[in-house]
Amino acid sequence: FEGIVLVAINPYEQLPIYEQDVIYAYSGQNAGDMDPHIFAVAEEAYKQMARDEKNQSIIVSGESGAGKTVSAKYAMRFFATVGGSASDTNIEAKVLASSPIMEAIGNAKTTRNDNSSRFGKYIQIGFDKRYHIIGANMRTYLLEKSRVVFQAEDERNYHIFYQLCASATLPEFKDLGL
């Protein structure tokens, strides 16, 4: 393992530390020159990709509710902004457009999080020779398979099960053949 480790903590409220001006403040800076931030990690990966012309990885890890998806979203926003493609492709929105569907199918209620993800996500972002984002691919994989058949007291299974049950009496549900 080589590189920077950043521990992110979910403050459970919006803070003005992820705005456009903060992205520009971290862009072009060296690691350690500024305060620890997801944008510092993203800048280091972006700089090394451009300098060494090698693939880079950012691993976002943490407990349920720690803000992993939000941190990944901020990193993508950084890449789209510094790569000059934020307004062209809105890659962040496109990559995360599948989130509501994936959350309905793959999220569940736990005692610590009402919308706990049961999926891990692997997001690959493609860049052209000018280091502009040209596309992305998101792969998901099922975590905690035991939750498919068991959940602890005060928890519930995948949201999609409850959504399907709640909509079973709707007329359009009959056409689905479920």
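Of the 178 residues of the protein chain, 28% count as buried, where buried means under 20% relative accessible area, exposed over 50% and partly exposed in between, with a 1.4 Å probe and protein chains only. The model is predicted, so local features need pLDDT of at least 70 and side-chain atom pairs count only at pLDDT 80 or more, while totals for chains, interfaces and linings use all residues. Residues are numbered from 1 along each chain as its sequence is written, and side-chain values use heavy atoms, with hydrogens and water left out.

The accessible surface of the chain comes to about 12,000 Å², calculated by the Shrake-Rupley method with a 1.4 Å probe. Carbon and sulfur atoms account for 53% of that surface.

The protein chain has 8 helices and 5 strands. These are DSSP runs numbered from the N terminus, with helices (H or I) of at least four residues and strands (E) of at least two. Read from the N terminus, the order is α-α-α-α-α-α-β-β-β-β-β-α-α. Among contacts (heavy atoms within 4.5 Å) between residues at least 6 apart in sequence, 49% join residues at least 24 apart.

The largest nonpolar core has 14 residues. Such a core is a set of buried Ala, Val, Leu, Ile, Met, Phe, Trp, Tyr and Cys residues joined through side-chain atoms within 4.5 Å. Those with the most contacts inside this core are Tyr26, Ile38, Phe39, Ala42, Ala75, Phe78 and Phe79. Helix H1 (20–26), H2 and H3 each supply at least two of its residues. In soluble globular proteins, nonpolar side chains tend to be buried together.

An unreviewed UniProt entry places a "binding site" at Gly62, Glu63, Ser64, Gly65, Ala66, Gly67, Lys68 and Thr69. UniProt positions are given in the numbering used here, feature names are shortened, and annotations may be inferred rather than shown by experiment. Glycine 62 is found in the loop between helix H2 (38–52) and helix H3 (68–82), and is partly exposed at 38% relative accessible area. Alanine 66 lies in the loop between H2 and H3 and is partly exposed at 23%. Leaving out residues up to four places away in sequence, alanine 66 touches Ala8, Ile9 and Asn10.

The whole structure holds 2 salt bridges, each defined as a side-chain nitrogen of Lys or Arg within 4 Å of a carboxyl oxygen of Asp or Glu.

| Salt bridge | N to O distance |
|---|---|
| Arginine 51 – aspartate 52 | 3.2 Å |
| Arginine 130 – aspartate 128 | 3.5 Å |

Arginine 51 is exposed at 54% relative accessible area, and aspartate 52 is partly exposed at 36%. Arginine 130 is exposed at 58%, whereas aspartate 128 is partly exposed at 21%.
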